[in-house]
Amino acid sequence: MSWRGILVIGEVRSGAIQPATMELTAKARVLADADGSKVTTLLMFDDIVSDPKECIGYGADTVVFACAPAFGLFNQDIQYRTVVHLIEKIRPAIVLASATSAGRTIMPAAAAVIGTGLTADCTGLEIDPENGDLLQTRPAIGGNVMATIRTSDHRPQMATVRPRTFPIPDPDQKRKGKAERLDVPPEILQSRVLPMGIEIQEGEGSNIQDMDVVVSGGKGMARTESFGMLHELASLLGGGIGASRAAVDNRWIGYPHQVGLSGKAVSPKVYIAAGISGSVQHLAGIQTAGYIVAVNKDPDASIFRVADLALCGDLFEIVPKMIEAVKRETEK
Ligand SMILES: Cc1cc2nc3c(=O)[nH]c(=O)nc-3n(C[C@H](O)[C@H](O)[C@H](O)COP(=O)(O)OP(=O)(O)OC[C@H]3O[C@@H](n4cnc5c(N)ncnc54)[C@H](O)[C@@H]3O)c2cc1C
């Protein structure tokens, strides 16, 4: 049987399908349409809260779902072996997963067992019209160049994709597809690893990747206490707090807030950057942000090249004025 079609490894938390699954399923649909092949989405549940068929509207032809208590607390051992089991069964030409902590752990183990390549943290995926290879683009050399990688000699072609890289379309409620239960052999569901529990890190509880407004601070914030005004602005706008790596490295705010190449990619409707210069590594995390507001005292700051609204001046004067303006608007 030849390698054909695309397998998306879905992301499930507490029985609910995560938006990253819809994002990748929709992208897989676009890629599969290039050669008329099929998209399969795999979901591993301990308790089915979301309807697996939801993925069909985003482009899946088949949703394969496995259900077992062993999928409750994340166990890399069990999940990667389930993925390998399905790959051997359906032989997809391409396997995609989100570059979340789960995807970043499952995919390398699966690729190593199968003996194929894996491109991690892609920000672009295309099909080569000449030969059908998957063109896997990702930042390289500290984000200063974009490298396009192909897996010419092995199958499947495996890639993880940074969440929020591609837009999530509205589902097509009329799309037809099927949901099939996967019987996972009992030996796969046994593991020497015993997950004890999950502890939510400070800042991880409210995920900025799911927010419509993100207010970020950089090195220009100068100290931890200054983030108080960003918290106030963010809470007035119903948003969350982001940060540059410089702010995180200075320990003014925790790593879960970091936006950029080595942090999170965010896709809010409004992104406010205060005291952030706009390095390529930071901009890699806001590629799909809607409207960018930048506050910086340097008129030549790179952030102004991508900003929709450039506010040049001292952030310690401008941010309090923004807070007052939002308060005035909300009181009307
Ligand atoms: C492999 C690699 C991965 C990386 N990953 C990331 C990442 O995920 N995210 C990330 O952010 N960076 C990342 N970086 C670091 C990146 O290169 C920059 O060093 C970092 O983004 C700089 O942060 P910054 O803009 O806050 O600081 P700076 O570049 O120092 O900029 C501070 C800005 O604040 C302005 N400013 C200062 N005071 C005020 C004031 N009072 N009012 C208004 N403006 C003021 C200044 O004009 C300046 O533009 C990475 C680097 C590498 C090599």
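Visitor: Which orientation do helix 4 and helix 8 have to each other?

Guide: Two packed helices are described by the angle between their axes and the distance between the axes. In this predicted model, local features need pLDDT of at least 70 and side-chain atom pairs count only at pLDDT 80 or more, while totals for chains, interfaces and linings use all residues. Residues are numbered from 1 along each chain as its sequence is written, and side-chain values use heavy atoms, with hydrogens and water left out. Helix 4 (residues 227-236) and helix 8 (residues 315-331) have axes 10 Å apart and pack at an angle of about 25°. Helix 4 and helix 8 are therefore roughly parallel to each other. Angles under 35 degrees count as roughly parallel, over 145 as roughly antiparallel, 65 to 115 as roughly perpendicular and the rest as oblique. The axes are lines fitted to C-alpha atoms, for helices over the stretch in contact, and angles run from 0 to 180 degrees between N-to-C directions. Helices (H or I, at least four residues) and strands (E, at least two) are DSSP runs, numbered from the N terminus.

Visitor: In which hand does helix 4 pass helix 8?

Guide: The crossing is left-handed. That term applies if the near helix is turned anticlockwise from the far one by less than a right angle, and right-handed applies if clockwise. Helix 4 contributes Met229, Leu230, Glu232, Leu233 and Leu236 to the contact, and helix 8 contributes Leu315, Phe316, Val319, Pro320, Met322, Ile323, Val326 and Lys327. Contact means heavy atoms within 4.5 Å. By class, the contact of helix 4 with helix 8 has eleven nonpolar, no polar and two charged residues. Ala, Val, Leu, Ile, Met, Phe, Trp, Tyr, Cys and Pro count as nonpolar, Asp, Glu, Lys and Arg as charged, and the others, Gly among them, as polar.

Visitor: At what angle do the axes of helix 2 and helix 3 cross?

Guide: The axes of helix 2 (residues 76-90) and helix 3 (residues 101-114) cross at roughly 50° and come within 9 Å. That angle makes helix 2 oblique to helix 3. The crossing of this pair is right-handed. On the helix 2 side the contact is made by Gln76, Gln79, Tyr80, Val83, Val84 and Ile87, and on the helix 3 side by Thr105, Ile106, Ala109, Ala110, Val113 and Ile114. The residues of this contact divide into nine nonpolar, three polar and no charged.

Visitor: Now the sheets. What order do the strands have in the open sheet of seven strands?

Guide: Strands of a sheet pair through backbone hydrogen bonds, either parallel or antiparallel. Here the order is 7-11-6-1-4-5-12, with parallel pairing. Strand 7 (118-122) and strand 12 (178-181) are the edge strands, each pairing on one side only. From one strand to the next the twist averages 20°. Two strands pair if DSSP finds at least two bridges between them.

Visitor: How many bridges join strand 6 and strand 11?

Guide: Strand 6 (residues 94-98) and strand 11 (residues 157-161) pair in the parallel sense over five bridges, and Val95 has Met158 of strand 11 as its bridge partner. Strand 4 (residues 39-45) pairs with strand 5 over six parallel bridges, and Leu42 has Val64 of strand 5 as its partner. Strand 5 also pairs with strand 12 in the parallel sense, over four bridges. In that pairing Val64 stands opposite Glu180 of strand 12.

Visitor: Why is strand 5 described as largely enclosed?

Guide: Five of the six residues of strand 5 (residues 62-67) are buried, so the strand is largely enclosed by the rest of the structure. Buried means under 20% relative accessible area, exposed over 50%, partly exposed in between (1.4 Å probe, protein chains only). Strand 14 (residues 240-243) is covered on both faces: Gly240 and Gly242 on one side and Ile241 and Ala243 on the other are all buried. Strand 13 (residues 213-217) runs parallel to strand 14 and is joined to it by four bridges, with Ser216 opposite Gly242.

Visitor: Which pairing does the sheet with the order 8-9-10 have?

Guide: This open sheet of three strands has antiparallel pairing. Its edge strands are strand 8 (124-127) and strand 10 (145-149), each pairing on one side only. The twist averages 25° from one strand to the next. Helix 1 (residues 19-33) packs on this sheet, touching strand 8 and strand 9, and its direction makes about 25° with that of strand 8.

Visitor: Is Gln173 buried or exposed?

Guide: At 70% relative accessibility, Gln173 counts as exposed. Gln173 lies in the loop between strand 11 and strand 12.
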